[in-house]
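Okay, everyone, let's get going.

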Amino acid sequence: MTVAGAKRSDHLLKVLSGYQHVLVLTHDNPDPDAIASGWAVAALVRAKAALPVRFVAGGAIFRAENRRMVELLEPPLEFVEQIEVPEGTATVLVDAEPHAVNHLLGEAGLPTAVIDHHQHEGRRPRLPFCDIRPKVVASATIAAHYLREQHIDPGPALATALTYAIRTDATGLRGFSAADHRAMRWLSLRADHQKLTDIENAPLQPDYYADLLLAMQNTFLYEDVALCFLPRAGGSEIIAEVADLLIRHRDLTRVMVGGVVNGDLLVSVRSKVGAGDASDLVARSLEGLGHGGGHCQRAGGKVPGMARGERVSEDLQSMLRNRWLGVCGVDAQRGMRLVPKREILENL
């Protein structure tokens, strides 16, 4: 527990002072928030605890903007297939839930510390250090405040990463909290705004356009609800990116997009403010099949090992379609294509 009035970063550093090494880790296939917040925590440990520290994650980076961010800013992130935690090593889990299976700790045990902004189901884990703030839009906000509390200058690269992380995680959410505003004001004076522009306008691979076309052709509308199963997905990022695009549709309030990655069905859910809690919608849709969670307006989930090849089976599609419509309160009905085939054929 943090003493009332004490800085949370002071408490984290005190906990870590009892160890010889620190391992900072985040979820697999890290997004900008995971990369930036993990980088900031590693910088904090290196500057104030004077302990050897590594920052690791599993998987890879798929989205063009995220690859461009890593290329330009060069965060000290290592990608590894598995980890060993030697005796005397503290593990700090950033931007991920301790009981989730989408990070390298997996079922190996609980971390020493968790720093996160996602909504956690049930009681919060009992750990030496736990800082979970669902009211902020990004874990990067929390990490930026740690640096500011400890009077650490992040430098242009880290400040740019933190700024971009907060901006991207704020997409589709209710709005910035007071803490997010404070972090952004502090970071904006230190960030490299030219590199921010370069990241946001990252060059796209030719396959991106084919994936996007297939996604639009495979999106079905059910009143104000949409469902899309991608015929192919090069990585988890295209699934989230399509969901982000579809929820901007004027008449849609809830969206689910699914695709197969490495034999698992991954889904992204989006909802507009007032249209339901996305984390609840995905959890109920996947109950008994897999798991999911996230934010009020942005959430994701996974059905492990239930897909064959690159496509979602017809049976699984039918089951999830019925569940999705049910949790959204929409009567079972035949879907209408977002882009009717006749429009495609007429314009060939």
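The elements themselves are DSSP runs numbered from the N terminus, with helices being H or I of at least four residues and strands being E of at least two.

Some housekeeping. This is a predicted model, where local features need pLDDT of at least 70 and side-chain atom pairs count only at pLDDT 80 or more, while totals for chains, interfaces and linings use all residues. Residues are numbered from 1 along each chain as its sequence is written, and side-chain values use heavy atoms, with hydrogens and water left out.

So, the handedness. α3 passes α7 in a right-handed crossing. Their axes come within 8 Å and cross at roughly 145°; axes here are lines fitted to C-alpha atoms, for helices over the stretch in contact, and angles run from 0 to 180 degrees between N-to-C directions. Who meets whom? On the α3 side we have E65, R68, M69, L72 and L73, and on the α7 side K195, D198, I199 and E200. Contact, by the way, means heavy atoms within 4.5 Å. By class, the α3 and α7 contact has four nonpolar, no polar and five charged residues. For that count, Ala, Val, Leu, Ile, Met, Phe, Trp, Tyr, Cys and Pro are nonpolar, Asp, Glu, Lys and Arg are charged, and the others, Gly among them, are polar.

Staying with α3, which spans residues 64-73, its buried residues are A64, E65, N66, M69 and L73. Buried means under 20% relative accessible area, exposed means over 50%, and partly exposed is in between, with a 1.4 Å probe and protein chains only. Those buried residues pack against α2, α5 (155-169), α7 (193-200) and α9 (236-246). Take E65: it has a relative accessible area of 13%, and beyond residues up to four places away in sequence it touches Y164, I199, E200 and A202. Just after the helix, E74 takes a positive phi of about 55°.

On that topic, most residues other than glycine have a negative phi. Two more exceptions are worth a look. A50 has a positive phi of about 55°; A50 is in the loop between α2 and β2 (53-57) and is exposed, at 67% relative accessible area. H151 also has a positive phi of about 55°, sits in the loop between α4 (139-149) and α5, and is exposed at 71%.

Now the interior. A nonpolar core is a set of buried Ala, Val, Leu, Ile, Met, Phe, Trp, Tyr and Cys residues joined through side-chain atoms within 4.5 Å. The largest one has 55 residues, and V22, V24, V92 and L162 have the most contacts inside it. Helix α2 (residues 32-49) gives the most to this core, with nine residues. A second, separate core has 24 residues, including L227, L281, L316 and C328.

Back to V92: leaving out residues up to four places away in sequence, V92 touches L16, V22, L23, V24, L25, V41, A113 and I115. A113 and I115 point one way from strand β5 (residues 113-116), V114 and D116 point the other way, and all are buried. β5 pairs in the parallel sense with β4 (residues 89-94) over three bridges, and with β6 (residues 129-132) over four. Two strands pair if DSSP finds at least two bridges between them. I115 stands opposite V94 in β4, and its bridge partner in β6 is D131.

Last stop, the other sheet. What is the strand order in the open sheet of seven strands? It goes β11-β12-β10-β9-β8-β7-β13, with mixed pairing. β11 (291-294) and β13 (336-337) stand at the edges with a single partner strand each, so one side of each is left without a neighbour in the sheet. β11 runs antiparallel to β12 (residues 298-303), joined by four bridges, and H291 has K302 as its bridge partner in β12. Helix α11 (residues 314-327) lies across β7, β8, β9 and β10, running at about 160° to β8.

In β8 we find F229, which counts as buried at 8% relative accessibility. Setting aside neighbours within four places in sequence, F229 is in contact with N218, G258, V312, Q317 and L320.

Terms used:
A crossing is left-handed if the near helix is turned anticlockwise from the far one by less than a right angle, and right-handed if clockwise.
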